[in-house]
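Please read them alongside the sequence and the coordinates.

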Amino acid sequence: MNPLSVSFSDMETSEKIQGSGVLQLLASLLIPQSSCTNKVANIIAEVAKNEFMRIPCVDAGLISPLVQLLNSKDQEVLLQTGRALGNICYDSHEGRSAVGQAGGAQIVIDHLRSLCSITDPASEKLLTVFCGMLMNYSNENDSLQAQLINMGVIPTLVKLLGIHCQNAALTEMCLVAFGNLAELESSKEQFASTNIAEELVKLFKKQIEHEKREMIFEVLAPLAENDAIKLQLVEAGLVECLLEIVQQKVDSDKEEDIAELKTASDLMVLLLLGDESMQKLFEGGKGNVFQRVLSWIPSNNHQLQLAGALAIANFARNDGNCIHMVENGIVEKLMDLLDRHVEDGNVTVQHAALSALRNLAIPAEAAEQLGKNVKLVERLVEWCEAKDHAGVMGESNRLLSALIRHSKSKDVIKTIVQSSGIKHLVTMATSEHVIMQNEALVALALIAALELGTAEKDLESAKLVQILHRLLADDRSAPEIKYNSMVLICALMESESLHKEVQDLAFLDVVSKLRSHENKSVAQQASLTEQRLTVES
């Protein structure tokens with residue numbers, strides 16, 4: 001019976017082997033010149049497949065002679081030694097530590113460099129084993145991965161991938177390695193200085209199998225978080241590949257096709273998060289990519305609707321793009337999308353559509369166009385009451401406020417007053433989120449400054465003055481809330497009926513206390529407000 005066919009996989013066997021002293025014997029047999037060295041290394045590789053044997057291998061002093069063997073010129077010895085070290089490192093802190101101290105990683109990286117361009121099957125097999133060994137050595141260990149990056153493993157692996165893209169096993173090893181290394185922030189700059197984008201896109205185009213494409217996706221996603229790499233991927237033609245996948249898979253109900261459609265559309269949105277890559281794909285709103293993404297919004301596929309809305313929100317990070325999209329009817333498309341989901345309550349899609357509208361409303365010109373769109377404003381007011389969907393309700397309120405804050409337009413304020421939106425802004429001033437409170441108070445101050453006469457009755461019936469009194473009297477209110485509440489009080493006193501309400505509540509008491517507030521701006525505004533209240537009373 002061949003001794004290598006014994007199963008080494010359990011604890012009992014492991015104890016027997018340790019007790020027999022065979023490991024110490026193997027250590028003494030690892031002599032570079034010996035003809036049986038490769039067989040000994042092979043036995044160690046098999047033994048180390050047993051998780052209970054990895055520490056004993058280290059304790060028996062096998063690491064140092066194995067690392068010495070990495071200097072051998074014999075390919076078979078190198079192959080078995082690479083296997084042995086890789087198995088000892090697998091999931092074993094002690095194994096990794098010993099290999100690191102013996103300098104094993106650097107020697108293997110040097111081998112990868114020198115063998116990189118050789119494409120005969122034996123060399124490719126050795127390259128695959130060495131890649132696997134480095135993976136086992138550094139897997140899920142940030143400091144060891146950082147060590148490999150400092151040793152320059154990334155450009156070497158990228159070059160390997162380019163040269164050996166026909167070899168499935170080696171390609172797969174490179175992809176696993178990239179996937180691990182790409183999670184580290186420090187790797188991204190190194191990757192950006194190689195042609196990884198081009199190589200991955202080239203490889204991606206060749207793949208027919210779902211699993212292989214999935215592997216490449218797993219590398220692309222972390223790499224695409226880097227803006228320089230986003231642009232490289234766009235220039236290498238990744239977007240065209242992604243659009244093609246979407247087109248192929250959009251009507252399929254097979255699970256793997258649905259998964260791939262999601263991955264492709266998510267990655268598309270990620271590429272649009274970079275300013276340069278986003279502008280390149282927008283192409284003044286005439287680009288094929290922008291038009292295709294636009295067509296996702298009215299589609300019947302929820303994943304694509306979501307990705308389409310998120311993509312529009314990304315395109316809307318540039319003022320010129322916003323104005324172009326608003327002029328070309330994007331608002332109607334997003335409103336139709338919102339309407340379709342109000343009934344079925346797909347909150348993620350609604351959220352994304354409202355975020356897109358909020359980004360579109362940032363430039364004054366676009367905010368004015370949106371804010372004068374009666375149908376949109378009426379819809380928003382309706383959704384401000386969607387009590388069952390807190391997220392949608394919050395987003396709608398914030399958008400109403402943004403239309404006023406960004407446009408500073410009387411016409412927008414009039415549209416919102418006519419659509420009964422004022423009461424929602426007053427309620428928003430009592431939100432538990434400071435950012436929302438603040439947005440509401442700034443919008444209300446603009447209303448009071450620009451169109452107080454139009455909004456007066458609504459402000460009264462929404463009990464704004466009482467709410468402001470409460471905010472000022474409450475010690476828990478943030479400084480900016482106190483400041484903006486006082487600014488608003490001063491503006492409201494231009495209205496006779498609201499002025500009377502201010503007088504009826506003891507505002508002077510609360511305001512004069514704030515003169516000694518630790519926040520300078522609040523203290524100053526309190527003095528100004530106090531003077532105003534005293535003069536007018």
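1. Buried here means under 20% relative accessible area, exposed means over 50%, and partly exposed lies in between. The model is a predicted one. Thr128 has a relative accessible area of 15%, so Thr128 counts as buried. Thr128 sits in helix 9, which runs over residues 121-138. With neighbours within four places in sequence left aside, Thr128 is in contact with Ala169, Leu170 and Met173.

2. On empty space: rolling a probe the size of a water molecule over the atoms shows where space is left. A search of the whole structure turns up one cavity of 30 Å³ or more. The space in the largest cavity is about 30 Å³.

3. Which residues line the largest cavity? The lining is made up of Leu161, Gly162, Cys165, Glu199, Lys202, Leu203 and Lys206. Helix 11 (153-163) and helix 14 (196-206) each give at least two residues to this lining, and helix 14 has the largest share, with four residues. By type, the lining divides into three nonpolar, one polar and three charged residues.

4. The structure holds 22 salt bridges. One of them joins Arg113 and Asp110, with the closest N and O atoms 3.3 Å apart. Arg113 and Asp110 are about one helical turn apart, because they are three residues apart in helix 8 (residues 104-115). Arg113 is partly exposed at 38% relative accessibility, and Asp110 is partly exposed at 36%.

5. Lys188 and Glu225 form a salt bridge through their side chains, at 3.5 Å from N to O. This pair links distant parts of the chain, 37 residues apart: Lys188 is in helix 13 (residues 185-192), and Glu225 is in the loop between helix 15 (210-223) and helix 16 (227-235). Is Lys188 buried or exposed? Lys188 has a relative accessible area of 3%, so Lys188 is buried.

6. Arg379 forms a salt bridge with Asp339, and the closest N and O atoms are 2.6 Å apart. Arg379 lies in helix 26 (residues 374-383) and Asp339 in helix 23 (residues 330-344), so this pair ties together parts that are 40 residues apart in sequence. Asp339 counts as partly exposed, at 29% relative accessibility.

Key. Residues numbered from 1 in each chain as written. Predicted model: local features only at pLDDT ≥ 70, side-chain atom pairs only at ≥ 80, totals over all residues. Heavy atoms only, no water. Buried < 20%, exposed > 50% of the residue type's maximum accessible area, 1.4 Å probe, protein only. Contact = heavy atoms within 4.5 Å. 1 Å grid on protein atoms, 1.4 Å probe; cavity = no way out; pocket = protein on both sides within 12 Å on 5 of 7 lines; lining within 4 Å. Points joined across faces, edges and corners; volume = space filled by probe spheres on them. Nonpolar A, V, L, I, M, F, W, Y, C, P; charged D, E, K, R; others polar. Salt bridge = Lys/Arg side-chain N within 4 Å of Asp/Glu carboxyl O.
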